[in-house]
Amino acid sequence: MLFRSPEHWDAKRDVPVLRRWNPPVVKFMWPNGLPPTAALQAVIDQGTPLIIIREWAMSEEKTVNSRDEARERGINHADRSKAMMDEIIAQHGNVDVRRFAFEGWNEPWQIRAEWVNEYDVSRLMRLRQHGLRGVGSDYGVGWGADYGFKDSAENFEPFEGTHQEIVRGGHLLGRHEYWSFAGPYQMHDDGHGRQMGGWLWEAGRYLQCPWDDVQIVITECGIDTGVVPGQPNEGWYKLPGRAEDKAQTYAEQLFWFDRQLALDKRVVGACIFTYDFN
């Protein structure tokens, strides 16, 4: 359960950590090009079942003005993912491509739901034609939903085409689950005297997904106080107490979250966000 980046402040420990933890899923994110050779070779060698690839530049190419443009962008991104897979094979040998899954748009909340669906359907279909797997758009906290407070129902109807293509191609559904300092299980004040947050709003949203025939991967998770309206993006190191106290509190939150994930047979793993402030 790891999220790696070449800019990670402790990158020199990547390979030993990967070998010691041997997590069920490892996600690589980097500005462009291929992920770090040594770290990628480590997860290939140790048989990590799921290796997720996100090229940051591509995942942020989210400016589209029509459904047709969204469809063409999806095809383009799938073809670029195929080129990356070809480069990985060239560098690392004849690997099992089904162990890899490629991400597309990241948290596309500002785009019309029907366009996001069009993008993902075309991208996942093209990946299937290439013999590859993808991760359905990584929906951010509380999206897609009727924006509100705890227990607001999510609306998956606009993404039924994505659902069908995920099943058809053996792809995965990606979700992001973040919470505030209070933890994934506690409510907190929104700054206006209203209670928000807690399980099933900031974290646990995956449980509202009605699709029981898909695999779900939590492609980002952890503390991000930005889920509270008006609050800055801050991570676990801004928790109160000494450094070891902060680490212990955060670890307990992650262990609790992991225990909940284990209760849902659809969830194959979760990636702790470690790119910056988290």
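Two strands count as paired if DSSP finds at least two bridges between them. I wrote that down before opening this model, which is a predicted one.

**Entry 1: strand β9 and its partners.** I looked up strand β6 (residues 172–179) and found that it pairs with β9 in the parallel sense over eight bridges. One residue I checked there was H176, whose bridge partner in β9 is E220. Then I turned to strand β10 (residues 267–272), which runs parallel to β9 and is joined to it by four bridges. Here I noted I216, whose bridge partner in β10 is V267.

**Entry 2: T219.** Is T219 buried or exposed? I found a relative accessibility of 0%, so T219 counts as buried, the cut-off for buried being under 20%. T219 sits in β9, which covers residues 215–223. Its side chain makes a polar contact with the side chain of H176, at 3.1 Å. I also looked at the whole strand: eight of the nine residues of β9 are buried, so the rest of the structure largely encloses β9.

**Entry 3: helix α7.** At 1.5 Å a residue, its 19 residues should span 27 Å, and the end C-alpha atoms are 27 Å apart, so the two agree. Next I listed the buried residues of α7: K246, Y250, Q253, L254, F257, Q260 and L261. They cover an arc of only 115 degrees around the axis, which means they lie on the same side of α7. What covers them? I found that the cover includes β6, β9 and β10, my friends from the first entry.

How values were computed. Residues are numbered from 1 along each chain as its sequence is written. This is a predicted model: local features need pLDDT of at least 70, side-chain atom pairs count only at pLDDT 80 or more; totals for chains, interfaces and linings use all residues. Side-chain values use heavy atoms; hydrogens and water are left out. Helices (H or I, at least four residues) and strands (E, at least two) are DSSP runs, numbered from the N terminus. Buried means under 20% relative accessible area, exposed over 50%, partly exposed in between (1.4 Å probe, protein chains only). A polar contact is a pair of N or O atoms within 3.5 Å; within protein, one must be able to donate a hydrogen and the other to accept it, and residues adjacent in sequence count only if both atoms are side-chain atoms. The expected span of a helix is 1.5 Å times one less than its number of residues. The arc is that of the directions from the helix axis to the C-beta atoms. Contact means heavy atoms within 4.5 Å.
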